[in-house]
Amino acid sequence: MDPVRTEISAAGVATLTIANPPVNALGAAVRAGLVSGLTAALANADVRAIVIAAEGKVFVAGADISEFGKPPVPPSLPDVLSAVEGSAKPVVAAINGLALGGGLELALACHARVAAPAARLGLPEIKLGIIPGAGGTQRLPRLVGAAPAFAMMAGGEPVSAEKARAMGLVDDIADGDLVATAATQALRLAEAGTWPRSGAAEGKFSAEDRAAFETAASDAIRKSPRMPNVAALAHAVRVGLEKGLAEGLAAERAAFLELVKDPTSKALRHLFFAEREAARVPGIGKEVKARPVASAAVIGAGTMGGGIAMCFAQAGIPVTLIEVKEEALSAGLARIRSNYETSVKRGSLTSEKMERHLGFITGRVGLEAAAEADIVVEAAFEDMGVKAEIFGALDRIAKPGAILATNTSYLDVNAIAETTKRPQDVVGLHFFSPANVMRLLEIVRGAKTAPDVLVTSLDLARKIGKLPVVVGVCYGFVGNRMLAKRTQAAERLLLAGAMPHEVDDAVTDFGFRMGPFAMSDLAGLDIGWRARKATGAKAPVADALAEQGFFGQKTGRGFYRYPEGARKGERDPDTEALITRLSDERGITRRSFSREEIIARLMYPMVNEGAKILEEGIASRSSDVDVVWVNGYNWPNFTGGPMHWAEGVGLARIVEALDALAAETGDDSLKPAALLRRLAQGGSFADKDAA
């Protein structure tokens, strides 16, 4: 099928319709089709004006980023847009849906823009480690002002059609037929004999706008020191302001081409594709249909259960929040209302939306209230006995075909499923705290989980705004299993000679928002302590602190001191003396560690565990592991996740270091996984994913 179709109306309007499903990306064939259609329309004496439209629900979702880093195929997008802007006949964009990246740049090059009411427009390139590369940094500021344009590009979020019109980005919003409205606009321009070119507009560049832009640019660069594209974005806009369109376009293009090769951009593009790939489950095709989910129930009104209930409510799915006692239920409902009220105070939620969300949540006492739910999510205490009792009761109470999900972080989903007579209906839905905020959802596939339960879980995840990754059953699944290795390595570093602040400083310098010991203090040392006592595991320093009643922030002491309820910890001489004493008791000669050594000792065992997870089939792809860690554990996205980062470090280097660590510590679990050792001899995780 022709990627760009041309139809000419009796009134003399040539409509060039992009037909490159599903997102109408501006690949080489589409670019060539646009130039061909434009050239033919300009040569046709019967054509007075031109409309660029698109099939489906998307106008153009951007350039074809799979072409990045490959030899260019003409015509380039900048050349296409120059031809559009320089057209001798007026060109109007009919924006039917999403216009993102190169799609919005195409619309900007047109002489007017008409949008459907549901259209959304944005330049999200900042999230891919690049900047707009086909005139976005030049044409958008000339239409809406430098400060608003920079804010839109630096944030990367699309704006609604209404906001776009208020900004001056869109000329009209169609009440009825979008293409007909755009054609009328195009004929109006043709009749007038003149039309605006966004590249020539200079009226928005006031002194106030310039000052606001410089303030915003300085602030954005300060907040994103690891993102070279933020500074490049500011530079491209500034060159356009100071030296005009031609030099601005040249500066933009040069920066874009340089950024495409930058490791940060490569890492972010890796994550872009990884998130989309995560939705594909090997062995389950499109013929498997989701079960209907019109109502939900959540068991447990604690912090996690309440957050999960909020996820359903915000998606417009009625949810019953269930507790065993009225007091616990009332406290849970009050906590939910308080969370929403905080959002209202911050301005991120209106009072009307708060009441609408709350209207979808009903509190009930007793498991019988789950009888009619299409999906039941258990969010009770992390104890197998408790969960087995709940699922045994749900087996009797829940209606046939209802999905029974457990929010366990560590426990055996297969064992939970076997407490029912319908293991095919049981799945793990591991939400991350706070559940109403965190994007990741680990969908844990049990040995007997039905394919349509998996498909329903994936579909539901997207409806409630989550990023789903399907994983297999093992202790801790993907994220927590790897986290346990980092926790073990962090404790070992303390005994070997590092202090908590040195480890945390290395980790935050690497890009995490918090280090492992500050995070442990925030979560509460008692949680891990109780879990270790149940399993027989040991963490000498954390255990010694917990045994003294030092649980972190909530008790004012942990790895750090928190005087007078402080949120940020201070070094604690008593904790540091305790660490030194524990080293001495074990006959360990303490030494200092560089930040590079600390990162290697923390992260290499995680990469190794990730390789074991892949060997065992717990994760289908190394990119799934990256998605889990970036979205659930704050791994810095500009490194692409642990497995992608490991490729940059060098797998052979990691194998050599792990062999040395295993020999030094006597811990055979640190020996390189067979997969890691094999790939280190010639290969990559990316190659394995593609196989």
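Visitor: What volume does the largest cavity have?
Guide: About 100 Å³. Keep in mind that this is a predicted model. A search of the whole structure finds 2 cavities of 30 Å³ or more.

Visitor: Which helix gives the most to the lining of the largest cavity?
Guide: Helix 18, with 6 residues. Helix 24 (595–615) and helix 27 (651–665) also supply at least two residues each.

Visitor: Which residues line the largest cavity?
Guide: Among them are K485, Q488, R492, F593, R601 and L670. By class, the lining has 7 nonpolar, 2 polar and 3 charged residues.

Visitor: And the second largest cavity, what is its volume?
Guide: About 30 Å³. Its lining is made up of F312, L429, F431, L441, S457, L460, A461 and I464. Strand 16 and helix 17 (451–463) are the elements that give two or more residues to that lining, and helix 17 has the largest share, with 3.

Visitor: Which strands does it pair with?
Guide: Strand 15 (residues 403–406) pairs with strand 16 in the parallel sense over 3 bridges, and T406 has G428 as its bridge partner. Strand 17 (residues 440–444) runs antiparallel to strand 16, joined by 4 bridges. There, L429 is partnered with I443.

Methods
Residues numbered from 1 in each chain as written. Predicted model: local features only at pLDDT ≥ 70, side-chain atom pairs only at ≥ 80, totals over all residues. Heavy atoms only, no water. Pairing = 2+ DSSP bridges. 1 Å grid on protein atoms, 1.4 Å probe; cavity = no way out; pocket = protein on both sides within 12 Å on 5 of 7 lines; lining within 4 Å. Points joined across faces, edges and corners; volume = space filled by probe spheres on them. Nonpolar A, V, L, I, M, F, W, Y, C, P; charged D, E, K, R; others polar.
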